[in-house]
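Have a look at the fold, then read on.

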Amino acid sequence: MSALLPPVRTSGKRALQQNKFRTVVIDDATSRFASLGSFTKTSSSHKGHSLTLLVSGYPNAFLEFFELTEGGASDSQIINDEQLMTLLRSNLASCEDYTREGHLNDAFSSRTHLAKIFREHGAISHAKHHLMKAEAIAMQSNSIRLKIEAWRELGVLFEQEGEMKESVTYFTKQLDDLEGCDLEDRDELLKTAWRDLARTLYIQAKQLGSTDREQALSAICNAERFAVKGDDDQQCTRILLESGSLHESNGLIDKAIDYYNRFLSRFSLLSGTADGEEKARACLGLARCYYSEGDLQRARQYFENLVILCDKTGQAVLATEACTRLGTLIAHLGDFAEADQWFRKAMTLALQLKDIELLSEIQVKAGIAQSHSVLPRVFSHLKGGTKEDLLSLLDWSFSRAPLP
């Protein structure tokens, strides 16, 4: 490969100063060479690549190659791939040539190409490094298209890594430049940018839901706004469900009911791509909301519909929760016999799931309901105060047989 590189281009007098532990390259063209560190721990292959770049007149590429393969961004599995290291060396040399000669579009393409290759190999730190360099080139070129491409690539990469705050930042930069530009394909690019932001804000809202509810609500509201602009029905529907859940957890019950109902209305229009679990979650959310508002009959209706839906779609976990909540609700209404039937069904489902902790929780709730069913009769016997009443209570305390 060294034969394919341009001849040596010296930028100043170079000298080598050696001591017992390190070899320091001193170049009057750049003081950064003095902080490279030791070559004693560097593999002979990496030494060869680094020194080839140096003696061929690529001081910046030499420095960057060394830092990437021996510094904080290194990845032992990747840097031991000789083919990848040769590709890295070649592209770094090309980038330096392109930058030196003012061919910034070509330098940008080399950087994004490197980012793509390393991303495919799972070397995310390398991919981020090259995309950051691509962003710097785009800023230097002042090309709106290059900046938009760099920011979108960075947004996607951070999204894949779960770093949603950074992802949203880059997608927002992309959108800001797009809204003020006059590119021929601006409308299509805008739609993509809106969908990118809607998607990442939705994920961010889910991440924040248990730690920062206020920020989560802000994120989901913005996600809905961008999803509407992006004209993506499936994305809008998914956001409505999450918005219902977040508003419910924040005690904003009226808004939660509105979002859940809007989700169900849209859901019916998406039969080809609809997710039965999402519909079940919306029904469960509505049942919880109506229960918290004291509308027990409507809550009961949604719980019963949810059980039917879960039975059809095989969603045992949600069915277990629905049956348990139905048992509690119906016991509250005073029908303890029917409540017991729902608790028994919930316990059967928990056994099928082999979830002993859940089974114990249901048993406790069923026991509470049973105690409530007995209390009126206990109070009646205590109020009667006759010998027969007291003997009945004594027998019951030992046998737990139904009180007359």
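This is a predicted model: local features need pLDDT of at least 70, side-chain atom pairs count only at pLDDT 80 or more; totals for chains, interfaces and linings use all residues.

Ile253, Ala256, Ile257, Tyr259, Tyr260, Phe263, Leu264 and Phe267 of α12 are buried. Looking down the axis of α12, those buried residues sit within an arc of 165°, so they line one face of the helix. The spacing idea behind this is simple: an α-helix has 3.6 residues a turn, so residues three or four places apart point the same way. On the other side of α12, Asp254 and Lys255 are exposed.

What do the buried residues of α12 pack against? Their partners are α10 (213-230), α11 (233-249) and α13 (276-292).

Now for the largest pocket, which has a volume of about 360 Å³. It is lined by 17 residues, and the closest to its centre are Asn60, Glu64, Thr99, Arg111 and Lys133. The elements giving two or more residues to that lining are α2 (59-70), α4 (82-101) and α6 (124-141). Here's how the lining of the largest pocket divides by residue class:

| Class | Lining residues |
|---|---|
| Nonpolar | six residues |
| Polar | four residues |

Zooming out, the protein chain has 18 helices and two strands. Of its 404 residues, 43% count as buried. Among contacts in the chain with a separation of 6 or more, 55% come from residues 24 or more positions apart.

Definitions and conventions: Residues are numbered from 1 along each chain as its sequence is written. Side-chain values use heavy atoms; hydrogens and water are left out. On a 1 Å grid over the protein atoms alone, a cavity is a set of points where a 1.4 Å probe fits but cannot get out, and a pocket is an open set with protein on both sides within 12 Å along at least five of seven lines; lining residues have an atom within 4 Å of a point. Grid points are joined across faces, edges and corners, and a volume is the space filled by probe spheres set on the points. Helices (H or I, at least four residues) and strands (E, at least two) are DSSP runs, numbered from the N terminus. Ala, Val, Leu, Ile, Met, Phe, Trp, Tyr, Cys and Pro count as nonpolar, Asp, Glu, Lys and Arg as charged, and the others, Gly among them, as polar. Buried means under 20% relative accessible area, exposed over 50%, partly exposed in between (1.4 Å probe, protein chains only). The arc is that of the directions from the helix axis to the C-beta atoms. Contact means heavy atoms within 4.5 Å.
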